[in-house]
Amino acid sequence: MYGKKVKLRLLFLSFIFIIVALSVFLILKSLEENVVYFISPTEIKNLPEIDNKKRIRVGGMVKKETIQLNQNKISFVITDFKNDINVTYSGAVPNLFAEGKGVVAEGYLNDRSFFDAKKILAKHDENYMPPEVKEALEANK
Amino acid sequence: MISSHIGYYSLILGFVISVSLLFYSIFCLKKKNQNINQNIFSLLFMQFFTVVISFISLVYSFVISDFSNATVYNNSHSTKPLFYKITGTWGNHEGSLLLWLLVLTLFILLFIIFSKKQPTKYRILSIFFQQIIILGFFLFLLLTSNPFNFLFPVPNEGLGLNPILQDPALAIHPPILYLGYVGSSIIFSASLASLIQNNINKEWATHIKKWIQISWFFLTIGILLGSIWAYYELGWGGFWFWDPVENVSLMPWLCLTALFHTVIVLEKRNLLRSWTLILSIATFTFSMIGTFLVRSGILNSVHTFANDPERGVFILIFLFSLIFLSIILFFIYQVNENNTEKNFFLISKETSILINNWFMMYFLSVVLIGTTYPIFLEVITNEKISIGPPFFNKLIIPFLIIFLIFMALGPNLKWIKDNYKNIKYSKIILFFVCILISFYIVRKTSSEILFSSILGGAALYLLFINIREFLSKKNNTSQTISHLGFGLFVLSILLNSLFSDEFSANMKIGQELIYKKEQIKFLKIKSLDKENYKSVIANFEIKDEKKNITFLYPEIRIYNQPNILTSEADIKTTVFLDKFIVINLLKGEEIFNVRYQTKPFMIWIWISVCLISIGGILGIFKKTNI
């Protein structure tokens, strides 16, 4: 029916197609698994359910006079001026981590008011505020 | 004051020259001249000259701290050291665009000087396309980001440069990176010109390859510098975070690497013409997208610097018109692939280069999707997300194994047609030996031993094969060095990530802690007043299991203007291990947040990237290829 060349070419094309489809599937699949959502303390209060295996980011201001330290742990409160969440963290903090400044913490929720942070994100500019924090703060003013 | 005037009018003059060059080049195309018109050459030189004048006057304004200039006011301070006053010129949006323009005009001048053997029409067309890009940048500068805006009344003092940018590596990082980006614009213009002239062939490939190698070299070094800076300045102890700002520089790199390989096929076999063209266009597009994303403020990155969305719109429109133009040209002037030579055999060097391209395209799509998906999602659903390293690691690292094996075997295949029987048994045995060695090294690490040992084995295999190649007489030095470097690169990263260790605590002065087998003692701090910051230097003593003592001196700098704290990590580098310590203030000045890391083979990561890029640049000096 068809020549050997056509068959080969068809085979080749379908091979390419399968590979492309497979890689797109792979990319989308792992996209779904590795997305980290950004949530404000108020949104956490309103969450229908708590998934404590899902990595999220919480952003807001470090509430004044809430940083507490011991040798291994730092705890503080993130606020969006409406709701607060208690954060515990052990590890290194970025330069501009301070009371009254914006902060983004990445980690897992224990429940609606306790957050276990694995990473505190850095900013490079004292006036810079992660856009998420800015919007979350503005939305709650 | 005067220098700002000079700079501004010089810029306008340059713009006028650019417009006249654009029309003049069309005019020249219609004539049937054998040689390139001397006028064009003079105009190009004058254009370059005006931008140089403009750039120098901006540098001068920075040096004398002329705060009547808004750019200087926003980004400089009179107490800043002279070196950072100068480098501060391109540490900001306006200045860095002026630098882009400077390199653009320099490159087209060099291109015309070094392309004398090429057809005249092709050279004029290249000038034409390059002038479109240059014109776009002139407009962008003059309309949205004029570096010479005046301030009245004149402020007494500037706002200062963000202290984390006051760093030697970051001072030269932008110019080097731009050389790479802008080099891709020459490749873009030259490709379009040769598409219209229908001279995409072996000779053209030999000529454009030099430009590809140069841009690729600078792009690689530029990314390396940024990465080294991130390692010691950001205090996270990592060198690559899959952060959007990093990803946008990686995308043109992947494209350019694919092009680098494809152009060799074009040169040797006169194949893959359209593909070469598409890659040339794509590389430049990604360079522009990089500039657009970083400068527009769209990127939701942890290290985006403050910027202005309106500018983004301009770059976006400009970018789309360029893409649109090239697509239209691409369809009007069909590339006729040479059918008589279009015999692709499954086992041949050209197939292995195609496989390289496929992998590059796959890596590129992963990076592209991972970087832009959050932007699209936010625009469409207003949900804010970020995509972290696991996404990229999971999608890229497994494929790296196959990639490494192909990379080890591919270059030794013959052009046109080879036979799989030519692969010697010794190579297969070597592969399994590599996996065994690798298994032996990683066996004590906790997770995914099988995976790590195969990845390590593949990297080791590539390394060994290229070392053997290097020692044999008839090698292709530039290729061998680059590939050897890549093997070393993957291997060092793997070992680095497997054996890195980290410890952090909040410590008081005099406190001593034991972590695993190491004793960490916080001895003392001392304060110093420097030119534009106050420095607090801590002294740590690290005693390892063999009682070897290392002293580390991490520092906190409190800059006066802007009033920002930065931590300067202290790193003790040895051949096998980096000891990395960084401190931070938490509350008051009594308790410090201390992070101590041991990072094995760190220096080998830098060395291997140097090897990769040296390989690329060596190709330029090579007269004949094998």
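Let's start with one residue. Leaving aside residues up to four places away in sequence, B:S65 touches B:V72, B:S76, B:S78 and B:G158. Keep in mind that this is a predicted model.

Where does B:S65 sit in chain B? It lies in a loop, between helix 2 (38-63) and helix 3 (70-75). Is B:S65 buried, partly exposed or exposed? It counts as partly exposed, because it has 17 C-beta neighbours inside 10 Å, and a buried residue would need 20 or more. Now look across the chain to B:F239. That residue is 174 residues from B:S65 along the chain, and the two C-alpha atoms are separated by 34 Å.

Next, the domains of chain B. The assignment gives four entries. Domain 1 covers 1-166. Domain 2 comes in two pieces, 179-336 and 344-382.

The contact between them takes 25 residues from domain 2 and 24 residues from domain 3. Which helices build the domain 2 side? Helix 8 (202-233), helix 9 (244-269) and helix 12 (349-381) of chain B each supply at least two residues. Helix 12 of chain B has the largest share, with 10 residues. By residue type, that side of domain 2 divides into 14 nonpolar, six polar and five charged.

Now the confidence. Chain B averages a pLDDT of 87, and 94% of its residues score at least 70. Within chain B, confidence is highest in helix 2, at 94. It is lowest in helix 11 (residues 309-332), at a mean of 84. One stretch needs care. Over residues 300-306 of chain B, the pLDDT is below 50. In the model, that stretch still has 22 contacts beyond near neighbours in sequence. Where pLDDT is low, predicted coordinates should not be read in detail. For the model, the scores are ipTM 0.82 and pTM 0.91.

On to chain A. What does its secondary structure come to? Three helices and seven strands. Along the sequence, chain A reads α-β-α-β-β-β-β-β-β-α. Chain A has 141 residues, and 31% of them count as buried. Take the contacts in chain A with a separation of 6 or more. Of these, 57% come from residues 24 or more positions apart.

Last, the two chains together.

Strand 1 of chain A pairs with strand 1 (residues 385-387) of chain B. The sense is antiparallel, and the pairing runs over three bridges. Which residue of chain B is the bridge partner of A:V36? It is B:S386, in strand 1 of chain B.

Definitions and conventions. Residues are numbered from 1 along each chain as its sequence is written. Chains are lettered from A and ligands numbered from 1 in the order in which they are written. This is a predicted model: local features need pLDDT of at least 70, side-chain atom pairs count only at pLDDT 80 or more; totals for chains, interfaces and linings use all residues. Helices (H or I, at least four residues) and strands (E, at least two) are DSSP runs, numbered from the N terminus. A residue is buried if 20 or more other C-beta atoms lie within 10 Å of its own, exposed if 12 or fewer, and partly exposed in between; C-beta atoms are placed from the backbone. Two residues are in contact if their C-beta atoms, placed from the backbone, lie within 7 Å. Domain bounds come from an automatic or database domain assignment. Ala, Val, Leu, Ile, Met, Phe, Trp, Tyr, Cys and Pro count as nonpolar, Asp, Glu, Lys and Arg as charged, and the others, Gly among them, as polar. pLDDT is the predictor's confidence in each residue, from 0 to 100. Two strands pair if DSSP finds at least two bridges between them.
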